[in-house]
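The following questions and answers go through a structure step by step, for someone who is meeting it here. Please look at the sequence and the model before reading on.

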Amino acid sequence: MSDQTTGVPQTVSRVPRAAATGEEAYLEVTDLQVQFPTADGLVRAVQGLSYSVPLRRTLAIVGESGSGKSVSSMAVLGLHDRRVARITGSIKVGGREVVNMSDKDLEGFRGGDAAMIFQDPQSSLHPYFTVGNQIIESYRAHNNVSKRVAKARAIDMLGRVGIPNPSRRVDQYPHEFSGGMRQRAMIAMALVNDPKLLIADEPTTALDVTVQAQILDLIADLQRDFGSAVVFITHDLGVVAEIADDILVMYAGTAVEHGPVNKILGEPLHPYAWGLLESIPALTGEPQPLHPIPGSPPSLLAVPSGCPFHPRCEFKDRVPDDWCTTLRPDLIPRTADLGRTSRCHLKDPDKVFETEVLPRLP
Amino acid sequence: MTAATTPAKSGVRSVPGAPLLELQNVKMHFKAKGEGFLARKTQWVQAVDGVDLTVQPGETIGLVGESGCGKSTTARLITRLLEPTAGEIRYQGVDIAHMSERKLRPYRREIQLIFQDPYSSLNPRHTVGTIVGTALRTHGMVPKSGELSRVQELLEVVGLNPEHYNRYPHEFSGGQRQRIGIARALAARPKIIVADEPVSALDVSIQAQVMNLLENLRKELGIAFVFIAHDLGVVRHFCDRVAVMYLGRVVEEGPRDALYLKPQHPYTQALLSAVPDIGVVRGVPPKNRIRLVGDVPSPVDPPSGCRFRTRCWKAQDICATDDPALIERAPAQRVACHFAEPPAESILAETA
């Protein structure tokens, strides 16, 4: 990105990355539970979540509000208040255990090895300090350098995320930046210490499509340069299709489907994932009536017994012996393809998808 | 007013043969504080600057564009929550742009609004029955004795339990609240509904439920819609015609299929190509993207000539001096660009 006033559009198309096989996981989450005791009862926000992300790979966590996607990712950075959240299970980042890490260790870990980009750049930047100040603070917290060195680093980072005229911009306040530029500044702040793990929580949801496209390109470029592991939280399946290598679909605090992006979006095996695909209007072809999932997501105070999706599932009658209402399915491979797992009792889900769901997709 | 108008029983006048709604060169300029410490020079934010739009009875027209392009201001102008700086807003041929509140009353009944945020657009201290009932009472829709049964009828129409009329908004989920807002708009039996981002705040599965509801209402009741959204897929699903706005102007307007398959304005092309496409994983080849650089210029001081020229790759000298008019380039498709042409290859890859 050179000059922002002369419009020279770049025509780019992303090259699909080669699938990594057998790479060592940098982030490994095992049987994570996050619970919040409240006056109304115990909120089971995340129940038994396991996944792993190697370096240079992007995992997209997809789900609706209240599915536990943000809560689980905040746990990875140790952002929950231990007085209100009960966290069990294991979160290993580069071999280090994050659950029950001391506050002092967390300080060194957050912003250093692992960083986060938030959804709303407006509220995540401090309005009272210049953008440069906030980046410098983050850099000096982890590196023993002079202010002058840190400022040079901040200018360099602002330039790398495509902010024009960074040496002038570094002394400006967040309100002098546009929405897209603020998001770039926040990305610069997150990446200033070369984190190995980057968690992006809906980083483009508040942005317009043309700006969103710029930011997605930027994150992909930076990931290539820095070689980080990225966890990308979003509800937009179009964004997932473009940026992710793997997907984890979450519903009511648990993972319901997990696997490579082309498999999960191309031929999903879980009825919830089918419902999501059927709810998105297409940009081409004759508009078809949408076929939304009935009802709404359950309260996490009272997660349904058995499969948490059963009250909204149109296929539960095909499973014998009331399994769906009584027996919680495991997240295991359901077809010959062992690289993907799903949490559903339905027999031959691949055939059901092909014959019944695929024809009515929008 | 030149043509003869006939007042209906409701007090709404109309010119025979006129379109349901017509915006002609509508402008809305907001006063902004000048820059600098003395701030003596008044500045004007040109939020909407010359919008033309026509809506026929029963038609749905989509307004798309990025934040700050003036689409929400246009919604507020149509519903006359704002009085335009210049231009005409004709409802059934009668100019309502500067009509007094008293005269406007019957028109307000026929032009209703659905808001984006189902959390802030319902009074938390009123029950659903009061919220919907107030709309009935204000416009004198039913006698007092029939109010409750009509409220319950409306709740049923929008897919809520009619027994819940005495509940408060906080007892409903986001999707249900949006249904309450829709019931309130329907209470007045409008001819046109302006929906300002009605599904943007909802989760995907709930969004599809509300879209299906709106579509059924449109088919059954024949209500015309001005549908504002930034999601191009949602707009395509719902609308017959689509208008693309940029920095206070309509830059392209046309029938849905023409606009999505053969967009002629560079901005429309860039907008469509920026939409992340889920088709990639179904074997559709990745599309070549047009990446715009920079941000939308400030509406306080828009560029001379064509407003898109600062980000446009086709811009020539003429674009800085001559403001392109919105003219017809293909059947019913109007484009405001000196170098308008359909893209060399389709921007949206066809799914096999």
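Q: How many bridges join strand β3 (residues 21-32) of chain B to β4(B)?
A: This is a predicted model, in which local features need pLDDT of at least 70 and side-chain atom pairs count only at pLDDT 80 or more, while totals for chains, interfaces and linings use all residues. Residues are numbered from 1 along each chain as its sequence is written, and chains are lettered from A and ligands numbered from 1 in the order in which they are written. Strands are DSSP runs of E of at least two residues, and helices are runs of H or I of at least four, both numbered from the N terminus. Strands β3 and β4 of chain B run antiparallel, with B:Leu21 standing opposite B:Val55 in β4(B), and the number of bridges that join them is ten.

Q: What is the radius of gyration of chain B?
A: Chain B has ten helices and 15 strands. The radius is taken over C-alpha atoms, and the globule rule is 2.2 Å times the number of residues to the power 0.38. That rule gives 20 Å for 352 residues, and the value for chain B is close to it, so chain B is as compact as a globular protein of that length, with a radius of gyration of 22 Å.

Q: Which helix supplies the largest share of the side of chain A that touches chain B?
A: The contact takes 48 residues from chain A and 47 residues from chain B. Several elements of chain A each supply at least two residues of that side, including β1 (10-12) and α9 (237-243). The largest share is six residues, and it comes from α8(A).

Conventions. Pairing = 2+ DSSP bridges. Contact = placed C-beta atoms within 7 Å.
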